[in-house]
Structure formats: C-alpha cells, structure tokens
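Here is a short note on one model, point by point. Keep the structure open as you read.

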Amino acid sequence: LNWKVPTFDHRATRWPLLGRHVGVKCADCHKTARYRETPRDCFSCHQADDKHERRFGTACESCHNARGWGLWDFDHQKRTRFALD
C-alpha cells in the first residue's frame, strides 16, 4: 500500500459514484481540498450541458440518470397535463 497515493471508496458514503461518474477524475468534482464543499446536485456540474436552458428547472435527476446523460425517462402521462396519445 502506497501512503502517497490516496484511495477512497465512494461506495461507503452517502454519495456513491454511479454510472459514468465512476470514471471521472476526483479533481473534476472536488475543486478544493475541502471535499465537503463539493456540490451534491446534478445541475451544479451539468449546467453547461443543459440544453433546456432551465425551462424545466434544475432538478436534472428528475428525468436524467447517472448511467448516462442521454438516458432519460420522462412520463408525460404522470408529470404533465399534456398526455401523448
């Protein structure tokens, strides 16, 4: 075990890395050494990817998921007054 190389198991935390987040470098999310300052919401990191331009709010996870940004699930029948027939 090399003490100079930090290891951390996100699976043992309240913020497990799922899907495509597993391959992200630590520094991409942890901008400072104070790890508690790292945002826990999707929008903080993905606002540049927001093709909806906030028209649907900032709760990206209500449609998108961690497996992949393009994998979305929106149920018009349940979530809107505009059912798709």
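1. A pocket, as the word is used here, is an open set of grid points with protein on both sides within 12 Å along at least five of seven lines. The model is predicted. Its largest pocket holds about 1300 Å³ of space.

2. Which residues are closest to the centre of the largest pocket? They are H10, W15, L17, C29 and H30, out of 36 lining residues. The most come from α2, which gives three.

3. Of the residues around the largest pocket, 16 are nonpolar, ten are polar and ten are charged.

4. Now turn to the second largest pocket. About 380 Å³ of space lies in it. Its lining has 16 residues, and H52, F56, C63, H64 and F74 are the closest to the centre. By class, seven lining residues are nonpolar, five are polar and four are charged.

5. Go back to H10, one of the residues closest to the centre of the largest pocket. H10 sits in the segment before α1. What does the side chain of H10 reach at 2.9 Å? It reaches the backbone oxygen of W15. Leaving aside residues up to four places away in sequence, H10 touches W15, P16, L17 and H30. W15, L17 and H30 are also among the residues closest to the pocket centre.

6. How many salt bridges does a search of the whole structure find? The search finds three. Take them in turn.

7. D9 and R11 pair through their side chains, with N to O at 2.9 Å. Are these two residues buried or exposed? R11 is exposed, because its relative accessibility is 69%, and exposed means over 50%.

8. R34 and E37 form another salt bridge, with N to O at 3.1 Å. R34 has a relative accessible area of 58%, so it counts as exposed. E37 has 49% relative accessibility, so it counts as partly exposed. The cut-off for exposed is over 50%.

9. The remaining bridge joins E53 and R55. Their closest N and O atoms are 3.6 Å apart. Both E53 and R55 are exposed.

Notes
Residues are numbered from 1 along each chain as its sequence is written. This is a predicted model: local features need pLDDT of at least 70, side-chain atom pairs count only at pLDDT 80 or more; totals for chains, interfaces and linings use all residues. Side-chain values use heavy atoms; hydrogens and water are left out. On a 1 Å grid over the protein atoms alone, a cavity is a set of points where a 1.4 Å probe fits but cannot get out, and a pocket is an open set with protein on both sides within 12 Å along at least five of seven lines; lining residues have an atom within 4 Å of a point. Grid points are joined across faces, edges and corners, and a volume is the space filled by probe spheres set on the points. Helices (H or I, at least four residues) and strands (E, at least two) are DSSP runs, numbered from the N terminus. Ala, Val, Leu, Ile, Met, Phe, Trp, Tyr, Cys and Pro count as nonpolar, Asp, Glu, Lys and Arg as charged, and the others, Gly among them, as polar. A polar contact is a pair of N or O atoms within 3.5 Å; within protein, one must be able to donate a hydrogen and the other to accept it, and residues adjacent in sequence count only if both atoms are side-chain atoms. Contact means heavy atoms within 4.5 Å. A salt bridge is a side-chain nitrogen of Lys or Arg within 4 Å of a carboxyl oxygen of Asp or Glu. Buried means under 20% relative accessible area, exposed over 50%, partly exposed in between (1.4 Å probe, protein chains only).
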